[in-house]
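Dear colleague,

I am passing on the structure we spoke about, together with some notes on what turned up in it. Please read the notes with the coordinates open beside you.

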Amino acid sequence: LKKRLESLLINYKNRADIDLSMFYHPKTEAEIVSLRDYLESRKIEKVEDGLDGWIRMVATNRLTGHSAGFFSVYTLPPNQAIAPDRQKKINIERNQTPPYRDIRKIIFKKSSNLTKDIDEITKERLAGVAKQARFLTLEAGNTHSIKDCSVQLTVTSPPFLDVVQYAQDNWLRCWFNNINVNQVEKKITMAKNIKDWTKIMSGVFKELYRITKKDGWVAFEVGEVRNGKINLDEYIVPLGEENGFECRGVLINEQHFTKTANIWGVKNNGKGTNTNRIVIFYKNL
C-alpha cells in the first residue's frame, strides 16, 4: 500500500472541475484530483485491482470530517458533505482556512488502523468469504438475481420517508468517484407521505418473503419521523404479516446524546430520529 501511494504522480497545478476551495488547501486539492484521475484511468483501462479499490474506499471515507484525520478543514460529520456555501459560513464562524493535509499519509494511517487487529487466520477467513460474496445494486423490491428461498438472514433499513437527503449528503463522494449524483438521486426512494411509503415497502416485503429460506429471519430497522408523530414500526409489522412473515418482536433502542447530534444542534429526544425500532420477522413456511 505504501509503495502504491508513493508511486502516485501528483500534479500540484491540478484543480477540481468544481470549486472546492472552502474544503481543501490548494495542495490537498491537487492531491485529491490526482488520485481521482489515477483511479478513473485505472478503471477505464480495466486494470483497477484490489489495492486500488482499498485506496478508493479509504479516500472516499476521508474526504470531509472534523479532525486532522480527514482531508478537509473542520466541517460537519463525515457521513455527509454539506453544501459549499454552508462550509464558507463555517469557515467564517470559526475563523479558519483549509490547512494542508497529506492525503497519502492519511490514507496509510487510516489503513493501518483498520487492519491492526487482523491476524493471518482472520485474513484467510475473510478471503474465503470474499469468494462467495456478491455486491448487487438493485431495487429492494426486485432482486431478481437472488434465488427463491436462499437467504437465511436479511438485515436492512429503508429510507425514513423523505427525512434524509441521501444524494445531497453524498454529492462530494459521488464527485470523487465520478458518479452522476443526479442519476443516483432518481433511483432513491423518497416518499413524502406514509401512504406512498407503505406501498413501496409492501413490494419490498413481497420480495423478502420470496428470497427468505424456511426458518429464515428478517431484521427490519426503522424509526420515528415527523417529530415523533409517526412510528414506522407500526406500519411495518402489518406489512410483513400481510406478506407471510410472523412478527416475533420489536426491539426499541432509545437514542442518547451523540457527538453528531450535538454538531447539528439536536438535543436528546428533541428533533431528529430518537429511537431505532428493529422489527424481527420469521418465516416458517
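Below are notes on a helix pair, one further helix, and the aromatic residues.

This is a predicted model, in which local features need pLDDT of at least 70 and side-chain atom pairs count only at pLDDT 80 or more, while totals for chains, interfaces and linings use all residues. Residues are numbered from 1 along each chain as its sequence is written, and side-chain values use heavy atoms, with hydrogens and water left out.

Helices H3 (residues 50-61) and H5 (residues 103-115) pack at an angle of about 105 degrees, with their axes 10 Å apart; helices (H or I, at least four residues) and strands (E, at least two) are DSSP runs, numbered from the N terminus, and axes are lines fitted to C-alpha atoms, for helices over the stretch in contact, with angles running from 0 to 180 degrees between N-to-C directions. That makes H3 roughly perpendicular to H5 (65 to 115 degrees). On the H3 side the contact (heavy atoms within 4.5 Å) is made by Trp54, Ile55, Val58, Ala59 and Asn61, and on the H5 side by Ile107, Lys110, Ser111, Leu114 and Thr115.

In helix H11 (residues 233-242), the residues Asp233, Ile236, Val237, Leu239 and Gly240 are buried, meaning under 20% relative accessible area with a 1.4 Å probe and protein chains only. These buried residues of H11 pack against helix H10 (194-211) and against strands E2 (212-225), E3 (230-231), E4 (246-254) and E5 (275-283). Just after H11, Gly244 takes a positive phi of about 110 degrees.

A search of the whole structure finds eight aromatic pairs, a pair being rings of Phe, Tyr and Trp (its six-membered ring) with centres within 6.5 Å, stacked if the planes are under 30 degrees apart, edge-to-face if over 60 and tilted for the rest. The rings of Phe23 and Tyr24 have their centres 6.2 Å apart and their planes at 45 degrees, so this pair is tilted; both residues are buried. Phe205 and Phe281 form an edge-to-face pair, at 5.2 Å centre to centre and 75 degrees between the planes, and this pair links distant parts of the chain, with Phe205 in helix H10 and Phe281 in strand E5, 76 residues apart. Phe205 counts as buried at 0% relative accessibility, and Phe281 likewise counts as buried at 0%. Ring pairs also link Phe205, Tyr209, Phe220, Phe245 and Phe281 into a cluster.

Terms used. Angles under 35 degrees count as roughly parallel, over 145 as roughly antiparallel, 65 to 115 as roughly perpendicular and the rest as oblique. Buried means under 20% relative accessible area, exposed over 50%, partly exposed in between (1.4 Å probe, protein chains only).
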